[in-house]
Amino acid sequence: MASVVVRDVSLNFGAVEVLKSLNIEVEKGEFLVLLGPSGCGKSTLLNCIAGLLDVTDGQIFINDKNVTWEQPKDRGIGMVFQSYALYPQMSVEGNLSFGLKNQRLPAAEIAERVKRASEILQIEPLLKRRPSALSGGQRQRVAIGRALVRDVDVFLFDEPLSNLDAKLRNELRVEIKRLHQRLANTMVYVTHDQIEAMTLADRIAVMRNGIIQQLDAPQAIYSRPINRFVAGFIGSPGMNFLEGTIEGGASPKFKAGDTAIDTKGYEFAEKPQAGTKAVFGVRPEHVMIGEMARSMPYTSEVEIEIVEPMGSDTLAWTKLGGQNFTFRTDSEYAPKEGEKVLLGFDPARASLFDAATDIRL
Amino acid sequence: MADTASLNMTAASADAVATDLSGPRGPRPRPRFSRRNIFLYGALFVVAVYYLLPLYVMIVTSLKGMPEIRLGNIFSPPVEITFQPWVKAWAEACTGLNCEGLSRGFWNSVQILVPSVVLSIAVASVNGYALANWRFKGADIFFTILIFGAFIPYQVMLYPLVIMLRELGLYGTLWGLVLVHTVFGMPILTLLFRNYFTSLPEELFKAARVDGAGFWGIYFKIMLPMSLPIFVVAIIIQVTGIWNDFLFGVVYTKPDTYPMTVQLNNIVNSVQGVKEYNVNMAATLLTGLVPLIVYFISGKLFVRGIAAGAVKG
């Protein structure tokens, strides 16, 4: 059963098309992440689902009910904002109970729900404090609590961790995941952080310019990106792109300068024509060097130009087919600048894109 | 061995740093009578005297009797301090046939001031809130027209307003003047409130909507408690503006309902009899007292409110 359905939703701000006929179905209990660079329309889409923005066209269903014209409070959603948006003049308890008081629930019921939510989020000692007396992480917990007390089926998160420092972000990320496991309700989560997207999501929708590029499980998006934009956006450090042409044959070869890569094992969507201009993408973490490289289908000897040690691993820059190429390696066995090493990778794990359309071949 | 040589060099200079403890240390000393300070404080002093001298003359004159004033030494302090001019200005000075002094005008002004301030701020704050947060169709045009109203000279609207008030049966009454003040306060106050509410985080408003609060619920429970500074600013602007108003007072009221400023003018400008400078000064000071007190009480809040409205975030 679908929990949230977005059907043909468009939104224009004047002449600017922010969302272009979007379609998404979110299953009950699913964790869907809307991922994309800033300005891609992901937050706008979330606001449309919440009912904070009126759509120009299309329909929105929540729990099989058409809520396109409903007020936010009647849609059965709870929402968490990037800037926490806690009411500064109310205590934590006041913040949690504000929505329930608006629903005119009996006081006992309100107290019960506030108690339960603050237990889950471990904010009971903070109930009497004002938001200004809380740290960033505590504020965001209260903000999550405010969604929690509403007892709704759908949670909407609008970049909830972006205002926190790196350490807190990791802690709360795990906590949100734990919360999802425990409550098992539908969550739609907007972020521009691919780590959050990869770690939290059941499925990720990668968006650009108001259009969903790819909607799939995190692993599928990582290993089989549908176009060059998705390939470049997911993964850190970014994917290597080599520009060249496809040469025909029983198994087509990719040629860039004097380098030829046999694409044996790569699953083409359809057999490419010889002479097609193409982009060959390899993730830096899929490249092996030294002894490990020998077993790889493709190997080449290269000279290291720059080495960037990052602690856990090391990023090395070199040239392949005359183009910049990076790979990731264990810091213990990192090569030195100017050293010649043998690198190898498996073209079956690579991604090939049409240079003209950027679509996966 | 270039390496060792350069290492020794750095070691030697490090020694010099480590041993030289006599040089400058801590904050740089600032001489009290530097040329900069003399110019700065000198200029401030001159400007302060320039502004305060008239006030001094007024206070001093209002405390003298008429014989002393006729001597012509306007800067000299009173030889014999008398509060008679103040009493006369407040309770005995004559305008036309009426000899009740300024007191009647004062109470008229209070009766005009209180409802005008309350009404104009109540309406303008809701206006500003609606314009900032509930973007209705045509909001921008509405706002443009409203702001445009702030730039039209009042004189243009005097006569049409007389007719409108007459038709409403309010001409010459205190409530008519209250209505005029409320209307004319609208553009600037709406602008003030709109800008302030726009500067509050939009997500707060969104969160309140998700929490099920309506138009008035959000206004009273979320927005109002956060906007004390801007209300103080609005109150100050309105209190001083309405209290000091002369034009509307003289046009839209009758002698019975003249506000204090109009009555002050009538006392000071009376053509008959002796010019009682001491009474005039006392009357002027009495009239100016209300705005003065408002500024003294709320100075700090006023600055904070202006700053809060100006800085986004």
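I looked up the neighbours of Val188(A) in this predicted model. Leaving out residues up to four places away in sequence, Val188(A) touches Val4(A), Val26(A), Leu32(A), Leu34(A), Leu46(A), Ile49(A), Val154(A) and Leu156(A) (contact: C-beta atoms, placed from the backbone, within 7 Å).

Numbering runs from 1 along each chain as its sequence is written, and chains are lettered from A in the order in which they are written. Local features need pLDDT of at least 70 and side-chain atom pairs pLDDT 80 or more, while totals for chains, interfaces and linings use all residues.

Next I looked up the largest nonpolar core, which has 137 residues; Ile49(A), Leu156(A) and Val188(A) touch the most other members. A core joins buried Ala, Val, Leu, Ile, Met, Phe, Trp, Tyr and Cys through C-beta atoms within 7 Å, buried meaning 20 or more other C-beta atoms within 10 Å of a residue's own. Helix 8 (residues 174-199) of chain B gives this core its largest share, 10 residues (helices are DSSP runs of H or I, at least four residues, numbered from the N terminus).

I then turned to the chain contact. Chain B puts in 14 residues and chain A 16 residues. On the side of chain B that touches chain A, helix 9 (202-210) and helix 10 (215-223) of chain B each supply at least two residues. Helix 9 of chain B gives the most, 6 residues.

Methods
Buried ≥ 20, exposed ≤ 12 C-beta atoms within 10 Å, placed from the backbone. Contact = placed C-beta atoms within 7 Å.
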